[in-house]
Amino acid sequence: METAKKDGFFQKYCESLRKSITQNEFNDFAQLDSGEKRFNFINGLKSIVTELKLAREFNGKSLERSLDLKNLGNKSFQKESWNEALAYYNLCYMATPESNESEKAIILANRSAALYHMEKYDLALKDIQRAIRLQYPKELMYKLTERKARCYLGKKDHVKALECFKETLPALDNCKLPLERRQKLERDAQIMINLLPKNIEAEKKLAKGRKPVPAEPKKPAVPEFYAEKGLYFDYSSEEGRFAKTNVDLKPNTIVLVEKPHVSVLLEEYSKTHCSTCFKRVSVPVCCPKCSDVVFCSEDCESTANSGYHKYECGFLPIFWKSGASITCHMALRMITQQSEEYFLQLRPELDGLTSEQTDKLKHDDYRKIYKLVTHEETRSAEDFFQRTLMATLLNACLTLGGFYKTKEAESFIGGLLLHNLQLLQFNAHEISELQREDDRDVGKSVFIGGGLYPTLALFNHSCEPGVTRYYKGNSVCVRSVRSIPAGSMIGENYGPLFTQKPREERRATLLNQYRFSCNCRACSENWPLFSEMDDTVLRFKCDGGKICSNVLLIPSEINEFMIKCTECGEHTNIMKGLKLVQDTETMFKLATKMHSAGEIEAALYKYVEEMNTLDEVLVPPYRDYHLCQQGLRSCMLEYGNRYVKFVTKK
């Protein structure tokens, strides 16, 4: 894995520094045996801050640019192009300097007006409250109280609408409108004040005669951590620690739900998704100082600016220009989301940690991930040199951002940055979002960021995975896509699937990226690609059950009822199996139709029924089995992050 893209300045700087040191100096570096020593060596060669002229950049905020964007938003608003107006007001809000509170209040009020016309009443009400907190001008306050009232009318909350219309009358005392215009607004508000009590009373009478409508059950919040009760972790010298199950798992079992230890968005999604929780944002809350990130709420903004973002703020443009990979950004945030004191307190115990200790820790505890595999013993001196130099760049951000309170911490945390860069290479996961051009599009899963999941990182690879994963915000959910018998490994997939890539290509990719030779069932038996599967031959299970694992290869056109197993001598009823296979064809067509119609849950359960039926009689690989698995995966992705660019009007 490259630490940085070739078109960024870091790669050129790395090559230049490598050429500038003598072979003796490099040999000395190659002999070092710890991250801290490597960091101190490279950090002592040159000052990366001076060499690259690193400094915080706050170029996104500008009152002049903000006013230009506001004018564009107002023009769109006058044309009743509400979506366009909202887009301009969002950009304007993000560009407004922190010191211009009154201007920011006006922008938020304007944005609330666009949201009101888009019938996004709750979002409009939030912006109204934000504008009020920022001391929206008294002489204009009548606009907000009247808009609040209209929003509550849209929500059919007539009690609160009445309160707001009543607030509008005294607010008009401070306005600077012409008398005639003011009197009209007062009359309009008074009409609603007189009318709404009658409506409220009428609604109360109607409500008494109605049967109470049961409230819709609230969707359960995504838990911080959930693991299926049969999940446990075994160990072998060849495979390390890996996930297994001590119970039979059926298809569609939720095996794991986990929040990340650390997560980071790609640059291209930094202004469309919340930096803290990864929720897609249509009405952003912005950082007071920079325009590089957005948040979905004040809570997420506060979390970021009281933690990681206060050290990263102003450095992200430099970071992106450097060409640093997302794992480098994650390595930095693993540090910035805690304090210097936190790491110094952990220092004495890090190297002595055992799996028994770390298994009991929470996902956000640095000790939880410290012992994840780094393959440090197989790395070359050149690999260490490049990663150590990246660690000095990350450390420069910490230094300039005011992270360090004492000098003693720098070399230790510099060593941790290098350690983070190594373990992330083999343990990080891509966070995805299902994106569609319109609501008729099948969509594709798109990489939007990266995350490190301490429990998921222990799952080993299989080219024929038993689970799939999807993401809710930045939390991962892992579900089974086939039956997994008790005592089996629960394999996830690191990239190449046996249905799409030939064995030698898969093995070469995995050896190069993850440093292991794959011996999963698909590799050891050299299963064919999906396009090469022979659908004229069915792979039946022997009725000998658990005592016989023989596969009976049966031509699809066969006239015999009973087939004798050459291994155990048991006879298997082929006609019964053929009937079940025919039934699954009908199930698959029905599930696919339901999925296309948007009936996701019904489609999912129909695919599960098909998978259970296929599991009764057949043994993979065969086309119907893997088509059914793909249907399961596609349905499961619908429960995760989704985005439809254009919604078709029906």
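Arg 241 is partly exposed, with a relative accessible area of 24%; here buried means under 20% relative accessible area, exposed over 50%, and partly exposed in between, using a 1.4 Å probe and protein chains only. Its salt-bridge partner is Asp 359, with the closest N and O atoms 2.9 Å apart; a salt bridge is a side-chain nitrogen of Lys or Arg within 4 Å of a carboxyl oxygen of Asp or Glu. Arg 241 sits in strand 3 (residues 240-245) and Asp 359 in the loop between helix 17 (355-358) and helix 18 (366-370), so the pair ties together parts that are 118 residues apart in sequence. Helices (H or I, at least four residues) and strands (E, at least two) are DSSP runs, numbered from the N terminus. Asp 359 is partly exposed too, at 39%.

A word on the model itself. It is predicted, with local features needing pLDDT of at least 70 and side-chain atom pairs counting only at pLDDT 80 or more, while totals for chains, interfaces and linings use all residues. Residues are numbered from 1 along each chain as its sequence is written, and side-chain values use heavy atoms, with hydrogens and water left out.

Back to the charges: the structure holds 35 salt bridges. Side chains of opposite charge can pair when their charged atoms come close. One of these bridges links Glu 146 to Arg 150, with 2.8 Å between the closest N and O atoms. The two are 4 residues apart in helix 9 (residues 141-154), which puts about one helical turn between them. Glu 146 is partly exposed at 25%, and Arg 150 counts as partly exposed at 23%. Helix 24 (residues 600-617) holds another pair, Lys 606 and Glu 609, 3 residues apart or about one turn of the helix. Their side chains meet in a salt bridge at 2.9 Å, N to O. Lys 606 is buried, with a relative accessible area of 18%, whereas Glu 609 is partly exposed at 36%. Salt bridges with shared partners also join Arg 111, Asp 127, Arg 130, Arg 133 and Glu 298 into one network.

On to the strands. Strands of a sheet pair through backbone hydrogen bonds, either parallel or antiparallel. An open sheet of 4 strands runs in the order 5-9-8-16, with mixed pairing; two strands pair if DSSP finds at least two bridges between them. Strand 5 (262-265) and strand 16 (642-646) stand at the edges with a single partner strand each, so one side of each has no neighbour in the sheet. On average, neighbouring strands of this sheet are turned by 35° against each other, direction ignored. Strand 5 pairs with strand 9 (residues 444-452) in the antiparallel sense over 4 bridges, and Leu 265 stands opposite Gly 449 in strand 9.

Helix 15 (residues 326-336) lies across strand 5, strand 8 (428-438) and strand 9, at about 135° to strand 5. For such angles, axes are lines fitted to C-alpha atoms, for helices over the stretch in contact, and values run from 0 to 180 degrees between N-to-C directions.

Ser 270 lies in the loop between strand 5 and strand 6 (285-286) and is buried, at 7% relative accessible area. Leaving aside neighbours within four places in sequence, Ser 270 is in contact (heavy atoms within 4.5 Å) with Leu 265, Asp 292, Val 293, Val 294 and Trp 320. A polar atom of the Ser 270 side chain also lies 2.8 Å from the backbone oxygen of Glu 267. The UniProt annotation "domain: MYND-type", from an unreviewed entry, covers residues 274-313. Over that stretch the chain is 30% helix and 10% strand, and the end C-alpha atoms are 15 Å apart.

Strand 10 (residues 467-472) and strand 11 (residues 475-480) run antiparallel and are joined by 6 bridges. They form a hairpin with 2 residues between them, and Gly 473 in the turn has a positive phi of about 65°. Tyr 470 stands opposite Cys 477 in strand 11.

Finally, Tyr 13 is found in helix 1 (residues 9-20) and is buried, at 8%. Not counting residues up to four places away in sequence, Tyr 13 touches Lys 46, Ile 48, Glu 51, Leu 52 and Leu 389.

Terms used:
UniProt positions are given in the numbering used here, feature names are shortened, and annotations may be inferred rather than shown by experiment. A polar contact is a pair of N or O atoms within 3.5 Å; within protein, one must be able to donate a hydrogen and the other to accept it, and residues adjacent in sequence count only if both atoms are side-chain atoms.
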